[in-house]
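Biologist: Could you walk me through this one slowly, starting with the terms I will need?

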Amino acid sequence: MKVEITRLPNGLTVVTDPMPGLESAAIGIWVRCGARHETKPLMGISHMLEHMAFKGTECRSARAIAEEIEAVGGYMNAYTSREQTAFHLRMLKGDVPLGVDILADILSRPTFEQGELERERGVVLQELGQARDTPDDIIFDHLQSIVYPDSAMGWPILGEDDTVSAFTRDDLKTYMGANYRAGGMVFISSGAVDHAAMVKLVEEKFGDLKSGDAPASQAPAYGGGDLRLAQDLEQVHVTYAFPGVAASDPDIFAAQVYVTALGGGMSSRLFQEVREKRGLCYSVYAFAHPFSDGGFIGIYAGTGEGEASEISAVVAGEMAALAAKPTPEEIARAKAQLKSGLLMGLERPSARSEQIAGQLLAYGRVLPVEEVTANLDAVDVSAVQRFGERLMNASRPTMAALGPIGKLESYDAFAGRFGASRKVADLSAVALAEAE
């Protein structure tokens, strides 16, 4: 990567990442404002704003926006996370000025026309209904709500029916005016781009953005605990979580290696033990959710009603075994997976832009690839062991489950395998995980 960065007078950061030989470019705006910046009455408004941005401006109708982009063979997309909202396009290099103009238009001059708002409100309510009908999707909202209780970080990104139904045009205008400030936004382009030309174009199109910084928010406190919802489903969808680390924490690399070794692929401990050896479920994996000021480590398993009685003990057992004795071979495999994912992503402009955005949010700078790979290479068996032990010392793990949950191990039994009370429970968990 040969990344160049310029900060415009209004505070907007412009980043270019040229990729010689390409005929296309990925361009986008990342706004440091997401679901965590909402108030309870406005739960889900960041996501609604993301939808409404493409629904008409002072210069273009919603249809005109779609037709202009697709007339040149480009495509557009957007997403909302808990910490940011992104609007991005992919198009041929000759059409980049059009893309920049459209992005500036939707972010500087949206109309939030009432008819469009009512239509899109219906679309988002349908999206909420679809999420509730997808148990292996909605279970993560339930998990997040227990990990971060009484915090916007624990609220669903989509919002809730009553909040979505109540949004007004004035709500959208006020929220956007307060939070979409140039100092909290980053314009990133990867592919067939030139830095000087892009800076000139972005300054011309985005020069009237309001100055100001990204919105502030309170650091969420990890809560932990148990949430179980009985539903008539074929499977029990169960998730577990433990306090993790922030994206900029030096231990983030050990956390990533740990998660990959535990449940990041077909050779991982959870996949081999839970699926291949015991046949307890089709899907099982571990993941890390790092944020700017905290994070958590999670595990998901979808298992049958009869098999649910075993799953928690096996998960705890594999975590205990990895903390006790990680092997050099599995750590090497995990690091190879992470490095290959990083390097393969560098072959795609959209993935490169996303990497740059994540690093700017976490570190305030773009990390050279060599620095990232060196940090991964520095993770050894002892670092993974220390991180695993840190998770095993968690005094209050989190469980969230959905489906026929009657046979699932109690929260107290699962929690007893961690923290100060785990010495005896650990032995039984490890024994169970290593049986047969």
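Modeller: Let me begin with surface: accessible areas come from the Shrake-Rupley method with a 1.4 Å probe, and for residues only the protein chains shown count as cover. The accessible surface of this chain comes to about 18,200 Å², and 52% of that belongs to carbon and sulfur atoms.

Biologist: Before we go on, what kind of model is it?

Modeller: This is a predicted model, in which local features need pLDDT of at least 70 and side-chain atom pairs count only at pLDDT 80 or more, while totals for chains, interfaces and linings use all residues. Residues are numbered from 1 along each chain as its sequence is written, and side-chain values use heavy atoms, with hydrogens and water left out.

Biologist: How many helices and strands does the chain have?

Modeller: There are 17 helices and 11 strands, where helices (H or I, at least four residues) and strands (E, at least two) are DSSP runs numbered from the N terminus.

Biologist: And what about the radius of gyration?

Modeller: The radius of gyration is taken over C-alpha atoms, and the globule rule is 2.2 Å times the number of residues to the power 0.38. A compact globule of 436 residues would have a value near 22 Å, and the 23 Å of this chain agrees with that. Along the principal axes, the C-alpha atoms fill a box of roughly 65 × 50 × 35 Å.

Biologist: How much of the chain is buried?

Modeller: Of the 436 residues, 54% count as buried; buried means under 20% relative accessible area, exposed means over 50%, and partly exposed is in between, with a 1.4 Å probe and protein chains only.

Biologist: Can we look at a helix? Which residues of helix 7 are buried?

Modeller: In helix 7, which covers residues 169-179, the buried ones are Leu 172, Tyr 175, Met 176 and Asn 179. They cover an arc of only 95° around the axis, so they are on the same side of helix 7; the arc is that of the directions from the helix axis to the C-beta atoms.

Biologist: Why would residues with such a spacing point the same way?

Modeller: An α-helix has 3.6 residues a turn, so residues three or four places apart point the same way. The face of helix 7 turned away from its buried side carries the exposed residues Asp 170 and Thr 174.

Biologist: What does the buried side pack against?

Modeller: The buried residues of helix 7 pack against strand 3 (24-31), helix 1 (45-52), helix 3 (96-108) and helix 4 (114-132), with contact meaning heavy atoms within 4.5 Å.

Biologist: Changing topic, is Thr 239 buried or exposed?

Modeller: Thr 239 lies in strand 8, residues 235-243, and is buried, with a relative accessible area of 0%. Leaving aside neighbours within four places in sequence, its contacts include Ile 139, Phe 140, Tyr 300 and Met 399.

Biologist: Where is Met 399, then?

Modeller: Met 399 is in strand 11, residues 398-403, and is buried too, with a relative accessible area of 1%. The C-alpha atoms of Met 399 and Gly 224 are separated by 7.7 Å, although these residues are 175 apart along the chain.

Biologist: Last one: what is the phi of Phe 112?

Modeller: Phi of Phe 112 is near 50°, a positive value in a residue other than glycine, whereas most residues other than glycine have a negative phi. Phe 112 is found in the loop between helix 3 and helix 4, and is buried, with a relative accessible area of 2%.
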